[in-house]
Amino acid sequence: MLGLLDQAVAALTYDSVEVLDAKSLDVVARDEQVPLQQRSIGQDLAQMERWLGIEARDRTMLSAIAASIRIALSAVDEARMLIRSDGAR
């Protein structure tokens, strides 16, 4: 079951992500160390919509897709926790 959830995450997130320190530009987190929502493709879709301007905010397919990705990743994260807690019993 976790393999299927991992496939869903792979479809909705970037293959590789690095978070850099703003001052030193050193890598402070990489891939799985980065929170799931921050690795999401939906985050960039929402940013693209913001670039379109204030009139577009929350009114385009970009925000609808970004919201759907956010909800799907939250559901996957919750399912992973439930599966792991059931396995610990």
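Biologist: What should I keep in mind about numbering and confidence here?

Modeller: Residues are numbered from 1 along each chain as its sequence is written, and side-chain values use heavy atoms, with hydrogens and water left out. Because the model is predicted, local features need pLDDT of at least 70 and side-chain atom pairs count only at pLDDT 80 or more, whereas totals for chains, interfaces and linings use all residues.

Biologist: How many salt bridges does a search of the whole structure find?

Modeller: Side chains of opposite charge can pair when their charged atoms come close. The criterion is a side-chain nitrogen of Lys or Arg within 4 Å of a carboxyl oxygen of Asp or Glu, and the search finds three such bridges. In one of them, Arg 80 pairs with Asp 6, with the closest N and O atoms 2.6 Å apart; Arg 80 belongs to helix α3 (residues 61-87) and Asp 6 to helix α1 (residues 2-12), 74 residues apart. Helices (H or I, at least four residues) are DSSP runs, numbered from the N terminus.

Biologist: Is Arg 80 buried or exposed?

Modeller: Buried means under 20% relative accessible area, exposed over 50%, and partly exposed in between (1.4 Å probe, protein chains only). Arg 80, at 11%, is therefore buried, whereas Asp 6, at 39%, is partly exposed.

Biologist: Which side chain of opposite charge is nearest to Glu 49?

Modeller: Lys and Arg count as positive and Asp and Glu as negative, while His and the chain ends are not counted. For Glu 49, which is buried and has no salt bridge, that side chain is Arg 57, 5.7 Å away.

Technical notes. Helix = DSSP H or I, 4+ residues; strand = E, 2+ residues; numbered from the N terminus.
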